[in-house]
Amino acid sequence: MEYKSGKAKPRLADEVQLCAQALCLEEAFGVSIPEGYIYHAASHKRREVAFTPQLRRAVLEARDGVRELQRTQVLPPPAADERCQFCSLQDECEPFAPRDFPRSFDPFSTKLEEA
Ligand code: SF4
């Protein structure tokens, strides 16, 4: 069970986080965990998250991405969008601090950049 302070809002990142915790527990205790739950305190709602093969694969891809960051020692730019609003790392990350961003960068935009 993962607790979130906000309202119920399905987000893949939350599901990947929960599934990652389950994978760690599965490995540590030699058990199988088919699903977990996310409780949204603001809306008093709990939703089930099935740990599908696709979600488990997303966790492993995220793990690989983190390992690549560790290997290259190159940090990506901060998200600097609505995701930062409730992020516990905001003080350390300083997502809106001036950096060497392109002139078109708008730190107050709430839209994700297109790839
Ligand atoms: S504050 Fe930093 S770590 Fe948190 S969501 Fe924003 S960019 Fe990501």
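Q: How many bridges join strand E2 to E3?
A: In this predicted model, strand E2 covers residues 35-40. Strands E2 and E3 run antiparallel, and the number of bridges that join them is six.

Q: Which residue in E3 is the bridge partner of Ile38?
A: Strands E2 and E3 are antiparallel, and Glu35 stands opposite Ala50 in E3. For Ile38, the bridge partner in E3 is Arg47.

Q: Which residue takes a positive phi in the hairpin of E2 and E3?
A: Four residues lie between the two strands of this hairpin. The residue with a positive phi, near 50°, is His44.

Q: Why does strand E3 lie largely in the open?
A: Strand E3 consists of six residues, 45-50. A residue counts as buried if 20 or more other C-beta atoms lie within 10 Å of its own. Strand E3 lies largely in the open because the number of its residues that are buried is zero.

Q: In which sense, parallel or antiparallel, do strands E1 and E2 pair?
A: Strand E1 spans residues 2-4, and Tyr3 stands opposite Tyr39 in E2. Three bridges connect E1 with E2, and the sense of their pairing is parallel.

Q: How many nonpolar residues does the shell around the ligand have?
A: The residues around the ligand include Pro78, Cys84, Leu89, Gln90 and Arg83. By class, one residue of the shell is polar and one is charged. The number of nonpolar residues in the shell is eight.

Note on methods:
Residues are numbered from 1 along each chain as its sequence is written. This is a predicted model: local features need pLDDT of at least 70, side-chain atom pairs count only at pLDDT 80 or more; totals for chains, interfaces and linings use all residues. A residue is near a molecule or strand if its C-beta atom, placed from the backbone, lies within 6 Å of it. Ala, Val, Leu, Ile, Met, Phe, Trp, Tyr, Cys and Pro count as nonpolar, Asp, Glu, Lys and Arg as charged, and the others, Gly among them, as polar. A residue is buried if 20 or more other C-beta atoms lie within 10 Å of its own, exposed if 12 or fewer, and partly exposed in between; C-beta atoms are placed from the backbone. Two strands pair if DSSP finds at least two bridges between them.
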